[in-house]
Amino acid sequence: MKKKDSAKASGAPVNDANVKLDNLERNREYSDGQFLTTDQGVRINNDHDTLKAGERGPSLLEDFIMREKITHFDHERIPERIVHARGSGAHGYFEAYGNVSNYTKAAFLNDTSIKTPVFVRFSTVAGFRGSTDLARDVRGFAIKFYTQEGNFDMVGNNMPVFFIQDAMKFPDLIHAVKPEPHNEIPQAQSAHDTFWDFISLMPESMHMIMWAMSDRAIPRSYRMMEGFGIHTFRFVNSEGKSTFVKFHLKPKLGTHAVVWDEALKISGNDPDFHRRDLYENIEMGNFPEWEFGVQLVPEEDEHKFNFDLLDPTKIIPEEMVPVTPIGRMVLNRNPDNFFAETEQVAFHPGHVVPGIDFTNDPLLQGRLFSYTDTQLSRLGSPNFHEIPINRPVAPMHNNQRDGHMRQEINVGKTHYSPNSLNDNYPAQAKESEGGYVSHYERVEAHKVRERSESFSDHFSQAALFYNSQTTVEQNHIINALRFELSKVETVAVRERMVGLLSQVDKKLAKKVAEGLGLAVSKPEKPMNKGVGADADQKKHEPKPLDKNYEPSDALSMVKNPTVTNTIETRQVAFLCGDGVSEKSVNALKDALKAKGASAKIIGPHAGSIKTDTGKDIKADFAFFSSSSVLFDAVYVPTVKSSDALAKNDNVIEFINNAFRHCKVIGFDSTMENLIKMTSIGDKGGMDKLKDVPGVLVNSNTSKNFTDDFIKLLGQHRIWEREQYITE
Ligand code: HDD
């Protein structure tokens, strides 16, 4: 690619100053107009044929060009991340609203004139690098803020809690969820024995299980997910006063998911669904945006809650402590090279800047060790901070030296401190000069290997989450648990899980048990095997449900106060055929475009389709290479060859799936013979269709068809439709 084209082609506004992008420029390579060379810069005359003794003779060892090419290829792979191997990244920026200087001295959160560059990587957790995007899984949401005071990484997820309370259990959790060790089955799924065996013995995971079984685990798009820092961190202001803080990101497009049957089908139709969606939208200039917010808790209120702020399996309900917006984050540029940027980026919750500090959350404390350690084996050297995507934009000087693949050429003869030969440079910075000073926290305690008793309420917030959902969302949780546990072969594990669920909600447990052909036996004391051998079992017995929690709308995607009816960036499939009414197509297409959505033309073949006026319109996809699960809604305009559509199994399946997945479906009234062939057809004839939620018929009498279609599309899904679905 030519140098001058790169920013434009990747969707970035060319004049959008981003110091990190300038910082990357010195490493970019543009081969346009250049000769092919070896790694040593020698021009290559022929890289198609090996050097041989005669045209049909043996290859010669002296062929340095062939040896270099093959050797480099042999070493192209690095170990994938042990978790979060599958991911997608993008560049962007963060702008502060400038309202938190009382709480933190972090300049990038206070100075409204600074546009802080960011690189964000979204991921699934369990699957390998090549696994499907639509696995039921937690999504990683990791942000590197290249601030002027050094890099700050928020290494979060799209769910605000975690499975375990202590980092010591992380290897066990991951071993349990990854494919089973004897046969490496299943890929990117928690629906198997070892995962649920572990979970059934770890009641502390129940809150996270509710989130992971909810539709949050199958997002519609990375652009439509919330992000959470999960742990309680500390803000520290210029007077040294600390305030507890939880980080939140709220997507401008709302938080949305697909449905489970759809997720399964997307995995087959387009395993790169989320990756493609992120990439394409950034290329099209639909820059994803989030509002960055914080929940702030004064230090003196630390013990005011009925849970422990240090326990990462707990949220602070937003109704108790509202989220204060403090800035916005926009992603506006795709990486130039997946490996160099998305694969080599290395995040670490321990990368903090002055004004942000840790708490004693034992999960966070363990993470502070793990992330540097893992980069040493994944990226192979303590110099991973020098990889272009990882290096800060803030100046970097220290006495760390050498090691594999060192890039920097440190000039001078001192690399120790104190030194007198270089006036003791690089010099330590006083706090007033921006030196990082850890929060002055008093710690006085016995050395113990123990869990705090204040971490023992494992069910109340699980129940809070479940009770805050709409009936539709609750049903999805029940169905997810049925699906997952029905894949567990060991009946005792299923039974233990039903027992744990009954501690959260009896009706939930009963419905899951029905799906498994089990009865809910009388509630037994839940097992907690996640304690030390000499631990006082009584002390760690899970506490009974705390009934003081009020349901929280912020936990439901449907009732969420930030829910928006925007249809921006949504894609509507237009099922067309030769002789399609140009007027019908253009009417809805233009109306969608005006609201920021788009139409995709699906036809009987690739290439062009002839309209009723003889014009050609380009088909984006063919019936045989597409599926309604890849779109947000479906429209069937008047098509002359309507019989051909009515007889096409792909078209029928397209519409039936859209119906099953509760998507808006619009038909021109002329398409009656097609409607009759679909599962909508048996809902009682054309005149009854107006009673079927989310199915619109466009006739001369229904002037508001486009308005109604757009309004329903803005609801994301027509959940009332689920009454027609039997599973
Ligand atoms: Fe972790 C990667 C998020 C607990 C150990 N983690 C990783 C990534 C995300 C998270 C988003 C991918 C970053 C990227 O895109 O490169 N991890 C979390 C969250 C946790 C959490 C939100 C709990 C609140 N993680 C956690 C624990 C440990 C780790 C308790 C170990 C004790 N995580 C790792 C790791 C990874 C990682 C092994 C793999 C690749 C990497 O770090 O760079 O070190």
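Which residue is the only protein donor of the iron atom of the ligand? In this predicted model, that donor is Tyr371, through its OH atom at 1.8 Å. Tyr371 sits in helix α11, which covers residues 362-378.

**Domains**

- The domain assignment of the protein gives domain 1 (87-386), domain 2 (467-542) and domain 3 (571-724).
- Between the C-alpha centres of domain 2 and domain 3 there is a distance of 42 Å.

**Nonpolar cores**

- The largest nonpolar core has 61 residues, and the members that touch the most others are Phe163, Trp196, Met206, Met210, Leu481 and Leu508.
- Several helices each supply at least two residues of this core, among them α5 (170-177), α6 (193-200), α13 (471-486) and α15 (506-515).
- Domain 1 and domain 2 each give at least three residues to this core.
- Beyond its neighbours within four places in sequence, Phe163 is in contact with residues including Val138, Leu173, Phe195, Ile199, Met208 and Thr313.
- A second, separate core of 58 residues includes Val258, Trp260, Val572 and Tyr635.

- Strand β3 (residues 139-147) is largely enclosed by the rest of the structure, because nine of its nine residues are buried.
- In a regular strand, side chains alternate between the two faces of the sheet.
- On one side of β3, the buried residues are Arg139, Phe141, Ile143, Phe145 and Thr147.
- Strand β2 (residues 115-124) runs antiparallel to β3 and is joined to it by seven bridges. Thr124 has Arg139 in β3 as its bridge partner.
- Strand β4 (residues 150-157) also pairs with β3 in the antiparallel sense, over eight bridges. Here Gly140 stands opposite Asn157 in β4.
- β3 and β4 form a hairpin, with two residues between them.

**The six-stranded sheet**

- An open sheet of six strands has the order β15-β12-β11-β16-β17-β18, with parallel pairing.
- β15 (621-622) and β18 (695-698) are at the edges and have a single partner strand each, so one side of each has no neighbour in the sheet.
- Within this sheet, β16 (residues 633-636) and β17 (residues 664-668) are parallel and share four bridges. Val636 stands opposite Phe667 in β17.
- Helix α21 (residues 705-714) lies across β11 (571-575), β16, β17 and β18, at about 165° to β17.
- Asn698 lies in the edge strand β18. Leaving aside neighbours within four places in sequence, Asn698 is in contact with Tyr635, Phe667, Asp668, Ser669 and Phe705.
- Asn698 and Asn586 are 112 residues apart in sequence, and their C-alpha atoms are 14 Å apart in space.

- Asp361 counts as buried because its relative accessibility is 0%, and the cut-off for buried is under 20%.
- Gln165, His231, Leu310 and Pro312 are in contact with Asp361, leaving aside its neighbours within four places in sequence.
- His256 is in the loop between β7 (242-251) and α8 (260-269). His256 counts as buried at 8% relative accessibility.
- Not counting residues up to four places away in sequence, His256 touches Pro219, Arg220, Met224, Met557, Arg570 and His716.

- Most residues other than glycine have a negative phi, and most peptide bonds are trans.
- The peptide bond from Ser417 to Pro418 is cis, with omega near 5°. The bond from Tyr425 to Pro426 is cis as well, with omega near -5°.
- Pro418 is in the loop between α11 and α12, and Pro426 lies in the loop between α11 and α12 too.
- Asn424 lies in the loop between α11 and α12 and has a positive phi of about 65°. Asn424 is partly exposed, with a relative accessible area of 31%.
- Thr569 also has a positive phi, near 70°, and lies in the loop between α16 (537-540) and β11. Thr569 is buried, with a relative accessible area of 10%.

Definitions and conventions. Residues numbered from 1 in each chain as written. Predicted model: local features only at pLDDT ≥ 70, side-chain atom pairs only at ≥ 80, totals over all residues. Heavy atoms only, no water. Core = buried A, V, L, I, M, F, W, Y, C linked by side-chain atoms within 4.5 Å. Buried < 20%, exposed > 50% of the residue type's maximum accessible area, 1.4 Å probe, protein only. Domains from an automatic or database assignment. Contact = heavy atoms within 4.5 Å. Pairing = 2+ DSSP bridges. Axes fitted to C-alpha atoms, helices over the stretch in contact; angles between N-to-C directions. Donors = N, O, S within 2.8 Å, 3.2 Å for Na, K, Ca; no water.
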